[in-house]
Amino acid sequence: MTSPMTPGTIQTLPVLPLRNTVIFPSVFAPLSAGRPTSIAAIEAAAAREDKSLVIFAQRDPQKDQPASSDDLYAVGTLAVIRKMARSPNGIEILVQGIERVSLLRLEQTEPYLLARVQVLPWPEDSGPEVEALYRSILDTTRRILELAGTEAPENLRELITQQGDPLRVAYFIGSMLSLDVPKEQALLEAPSRLEALRLLYQYLQHELQVQELRHKIQKQAESELTKQQREYMLRQQLRAIQEELGEKSPEKAEIDELRQRLAETDLPDDVRKEAERELNRLERLPPIAPDYQVIRTWLELVLELPWRKETPDQLDIARARQVLDEDHYGLEEIKERILEHLAVLKLNPEAKAPILCFVGPPGVGKTSLGQSIARALGRKFERQSLGGLHDEAELRGHRRTYIGAMPGRIIQAIRRAGVKNPVLMLDEVDKIGRDFRGDPAAALLEILDPAQNTNFRDNYLDLPFDLSKVFFITTANNLMTIPEPLLDRMEVLRLAGYTPEEKMEIARRYLIPRQLKESGLQPEQLTILPTALDAIIRRYTREAGVRELERALGRLCRKVAVRFAEGKTEPVTVRPEDLPDLLGPERFFPEQAREALPPGVATGLAWTETGGEVLYVEAALLPQGQGLRLTGQLGRVMRESAEAALSYVWSHAELLGISPKEFRRNGVHIHVPAGAVPKDGPSAGVTMVTALTSLFTNLPTRKDTAMTGEITLTGLVLPVGGIKEKLLAAHRAGIRRVILPRENQKDLREIPEHVRKEIEFFFASQLLEVLRAAIPNLALREPEPATAAS
Ligand SMILES: Nc1ncnc2c1ncn2[C@@H]1O[C@H](COP(=O)(O)OP(=O)(O)OP(=O)(O)O)[C@@H](O)[C@H]1O
Ligand SMILES: [Mg+2]
């Protein structure tokens, strides 16, 4: 150690007072100065050739401006500035302590403290006691570092091993201990090595106790963990034993198997790379690590996913037509459209498959049609319901870092399919919700978008998967709740429901043979007479599709099968009168048109998710009442159309032969009964106008006539949807005259021939045409023809 200052020298130097620390000789310390006097002192020192100053600890750390020597400890350190940098808050310096100094007196206090100091001698005493203390100090320090679990600073370790000047080591350790100022000061002031080491040893003992206590507390907290560690140890031992015996550990065997599968599986390069990386990670993990299972399950998914596997398409159109006909009766138009798509696929195999959307009531064959398409194409079929889906993550999966994370439903379906080009039916797209967890419809958009889905990224899988070869078919009962952008992307095909005659055919060709087989009967053992079948359709079921019908037929077949099981031998023929015995009492009475309609009632046609329905709009005068009252669970659009209807009738009162006084005297109540079913939509407009006109003119409407159509205030009739369902319902109910908006005339193409033939149609573009057809005795006062001259 070379000190530039020989002990005993007296000097005058700038003073840096410190509030809460002591600088020891030979120790480096970073300091920051913010007080103007301190900054001035540093600047003065920096201006000196030797860059030195003296540092004293303050007796009272609160004191901002130490002004007399009493404010400072009497012993301080002569130090040299090694580095200096200005900061927004003042000056940062790195100093190195050189020698101890004692304060003789303060020479000045402004603009900075200047002190006269005398360099103190460096203690050099030695002896066995110093030696012993020094060793104990090194031991204790090591022990403390062990307990604290921290890496010893490089230079400390060096000092300890080098066994340099014990005092320097002591100063260094002292500066590391975060002692309070009086203790540090005492160490600095110690006049001999022995004294300094004794003090330090004392401090270290205390520190050791603190560390031991802390360690003990931590141990207790970790005892849970230790259990796991014990298990780990046991496993390690087990593994060692197995290795000794020449057996593979189960994990090793597992990893070997995964590695082999990985080698045998046909994977895209980037997927293989990622899988290999994860497998290597897996190998390094202990099996009890939480990540172990996560990686393993992920790897299995990657290995099972059909990255490259496809089934070859069967693009023989004639065969496809045959398959479609084999599986489903009727549905001609839809089958044609499907065949067209297949033809396109045949001509251009790279063409993006269209996304079909089958819309219709339950049980009309949407799902089974999808299966049939898969069969016709020779593709795998998978189904995934989206009903009640709220969480985007259900579609796209959760990141692997989540506990219990899984791939999303799309990837799950692909995995089940085992090929990358299945027909994937997404059921109930109209029933997906959205909430704070994100918008599944938006995710679905991306999944269905041929431009984006070649690189579909599931959060769990976290690798791009190509969905572009998937033939997506969605199904819905109702188009109204499907978000517009999603609807845009799909080609909508409607399955409206079947007439009783069509149901007869379906039952005869498909449902009865299937149910006979299910219940183990031979075809010749059971005959259901057409009259009986008709009764089942009309009196035991009420539905647009045929699901209930199939269930009823199944019940019937099982009942008959029981009889055979009980020893019956001759074939059974089911007649209508046998039905109560086999199926219980009739459940429905055929929907019938009402027998007579009093003035104020008109027959409407409604579309519902389960098919069409006949409904009656009833209007009544409320003497002394006011305004319009509406009941029958009407939605907003329907209420508005009732108001428009009333306004129309009122504003055309004279033309319709109604005294306008009527409206001032009475309120009106409109009720739409039928099953407390919520009803909405504009298509009851014409029915409301008819009911109101009938009410105010006191003339009844024809009971065999039903109508549908939206209205405008000026008396126009606008087209509406669901014509097929509505007509089938009217036909079921025995209604034989139907008034439709003129623009809906084109929809008659979809109506089965025999239904069309049995109904007389009226097409209206003006409300007056509707009224004339519906209210036989209405005497219209035709308006004056407008003249150009007026
Ligand atoms: N035109 C048809 N020809 C033959 N069978 C049919 C026809 N329509 C429906 N079916 C049969 O009716 C049953 C019900 O059909 P499916 O399950 O496909 O109805 P869905 O339209 O998917 O109903 P949901 O909306 O409730 O899912 C099936 O067994 C199906 O084979
Ligand atoms: Mg279905």
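**Figure 1. Helix 19 meets helix 20 in this predicted model.** Let's start with the side of helix 19 that faces its neighbour: L533, I536 and I537 make contact with L549, A552, L553 and L556 of helix 20. What classes of residue make up the contact of helix 19 with helix 20? The tally is 7 nonpolar, no polar and no charged. Helix 19 covers residues 530-540 and helix 20 covers residues 547-565; their axes come within 10 Å and cross at roughly 130°. That angle makes helix 19 oblique to helix 20. As helix 19 passes helix 20, the crossing is right-handed.

**Figure 2. Helix 12 packs on helix 13.** Here is another helix pair to look at. Helix 12 (residues 332-347) and helix 13 (residues 366-377) have axes 12 Å apart, and the angle of packing is about 35°. The crossing of this pair, helix 12 with helix 13, is right-handed. On the helix 12 side you will find I334, I338, L342 and L345, which meet L369, I373 and L377 of helix 13. Sorted by class, the residues of the contact of helix 12 with helix 13 come out as 7 nonpolar, no polar and no charged.

**Figure 3. Helix 4 packs against helix 5.** Helix 4 runs over residues 166-176 and helix 5 over residues 181-189, with 11 Å between their axes and a packing angle of about 170°. How are helix 4 and helix 5 oriented to each other, roughly antiparallel or roughly parallel? With angles over 145° counted as roughly antiparallel, helix 4 and helix 5 are therefore roughly antiparallel to each other. A170, Y171 and G174 of helix 4 touch E184, L187 and L188 of helix 5. The contact of helix 4 with helix 5 is made of 4 nonpolar, 1 polar and 1 charged residues.

**Figure 4. Ligand 1 and the residues around it.** How many residues surround ligand 1? There are 19, and the closest are G363, K366, T367, S368 and R547. S368 has a backbone N or O atom 2.8 Å from an oxygen atom of ligand 1. A polar backbone atom of G365 lies 3.1 Å from an oxygen atom of the ligand. For Y498, the side chain takes part: one of its N or O atoms is 2.9 Å from a nitrogen atom of ligand 1.

**Figure 5. A cis peptide bond between E110 and P111.** Where does P111 sit? P111 is in the loop between strand 5 (90-108) and strand 6 (114-119).

**Figure 6. Positive phi values at S26 and Q633.** S26 is not a glycine, yet its phi is positive, about 70°. The loop that holds S26 lies between strand 1 (10-18) and strand 2 (28-33). Q633, likewise a residue other than glycine, has a positive phi near 55°. You can find Q633 in the loop between strand 18 (628-631) and helix 22 (636-651).

Definitions and conventions
Residues are numbered from 1 along each chain as its sequence is written. Chains are lettered from A and ligands numbered from 1 in the order in which they are written. This is a predicted model: local features need pLDDT of at least 70, side-chain atom pairs count only at pLDDT 80 or more; totals for chains, interfaces and linings use all residues. Side-chain values use heavy atoms; hydrogens and water are left out. Axes are lines fitted to C-alpha atoms, for helices over the stretch in contact, and angles run from 0 to 180 degrees between N-to-C directions. Helices (H or I, at least four residues) and strands (E, at least two) are DSSP runs, numbered from the N terminus. Angles under 35 degrees count as roughly parallel, over 145 as roughly antiparallel, 65 to 115 as roughly perpendicular and the rest as oblique. A crossing is left-handed if the near helix is turned anticlockwise from the far one by less than a right angle, and right-handed if clockwise. Contact means heavy atoms within 4.5 Å. Ala, Val, Leu, Ile, Met, Phe, Trp, Tyr, Cys and Pro count as nonpolar, Asp, Glu, Lys and Arg as charged, and the others, Gly among them, as polar. A residue is near a molecule or strand if one of its heavy atoms lies within 4 Å of it. A polar contact is a pair of N or O atoms within 3.5 Å; within protein, one must be able to donate a hydrogen and the other to accept it, and residues adjacent in sequence count only if both atoms are side-chain atoms.
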